[in-house]
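Dear colleague,

I am passing on the structure below, together with a short account of what came out of going through it.

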Amino acid sequence: MYRGAKAILEDIKNYPLNDAAETVNEIGSTIRRAMGGTSGIIDTIFCKAAYTQLKPSSGSVVMPKQWAEALAASIAAVTKYGGASAGYRTLLDALLPASSVLQEKLNAGENPITAFVLSSEAALTGAELTKKMQAQAGRSTYVSSELLSTVPDPGAMAVATWYRVAALALQQKYKS
């Protein structure tokens, strides 16, 4: 995760920041180049699915519900290609509640930034709840259940952390 984040910070100056879909696509390319292992592949799949969902609105302003749809499409792609689902003790256990809360709050007319922040709290809660789950996919399946019960799934915590940081950064940027 560190290598991916560092590479994104280095490459961001070359991203087409006026085009959300293309920026997400470039983030995926950076991750593919910089990160190794399963996490790098899954994160690349995540970004490519978001790009595909956002591409029709390329060059225009992406609305909050479109971002929520892109998140849902990314989760669906990770589920499809990764073979895991809710309760498997993976990053999906952070992303699924985040997506659910985001869509729920946006559909209820909540301020988009508030909806994002609330969904990031759901992501952190979901990640923490992985302590109580038996690993059914990913590297955690190779670790004893006694050890797993003391820590949340690393992939779930990583995704919940970047999601939370993104939400708080937007909240700070748009604070009145």
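Please bear in mind that this is a predicted model. I begin with helix 5, whose buried residues pack against helix 3 (37-54), helix 4 (64-82), helix 6 (112-129) and helix 8 (154-173). The buried residues in question are L92, D93, A94, L95, A98, S99, V101, L102 and L106. Just after helix 5, G109 adopts a positive phi of about 90 degrees.

The largest nonpolar core comprises 25 residues, and those with the most contacts inside it are L71, L91, A94, L95, L102 and Y163. At least two residues of this core come from each of helix 3, helix 4, helix 5, helix 6 and helix 8, with helix 5 giving the largest share, six residues. If neighbours within four places in sequence are left aside, L95 is in contact with F46, L71, I75 and V159. Apart from this core lies another, of 11 residues, which includes V24, I31, A50 and V62.

As for the chain as a whole, its secondary structure amounts to eight helices and zero strands. Its radius of gyration is 16 Å, close to the 16 Å that the globule rule gives for 176 residues, so the chain is as compact as a globular protein of that length. Buried residues account for 39% of the 176 residues, and of the contacts between residues at least 6 apart in sequence, 64% join residues at least 24 apart.

With best regards

Key:
Residues numbered from 1 in each chain as written. Predicted model: local features only at pLDDT ≥ 70, side-chain atom pairs only at ≥ 80, totals over all residues. Heavy atoms only, no water. Buried < 20%, exposed > 50% of the residue type's maximum accessible area, 1.4 Å probe, protein only. Helix = DSSP H or I, 4+ residues; strand = E, 2+ residues; numbered from the N terminus. Contact = heavy atoms within 4.5 Å. Core = buried A, V, L, I, M, F, W, Y, C linked by side-chain atoms within 4.5 Å. Rg over C-alpha atoms; globule rule 2.2 N^0.38 Å.
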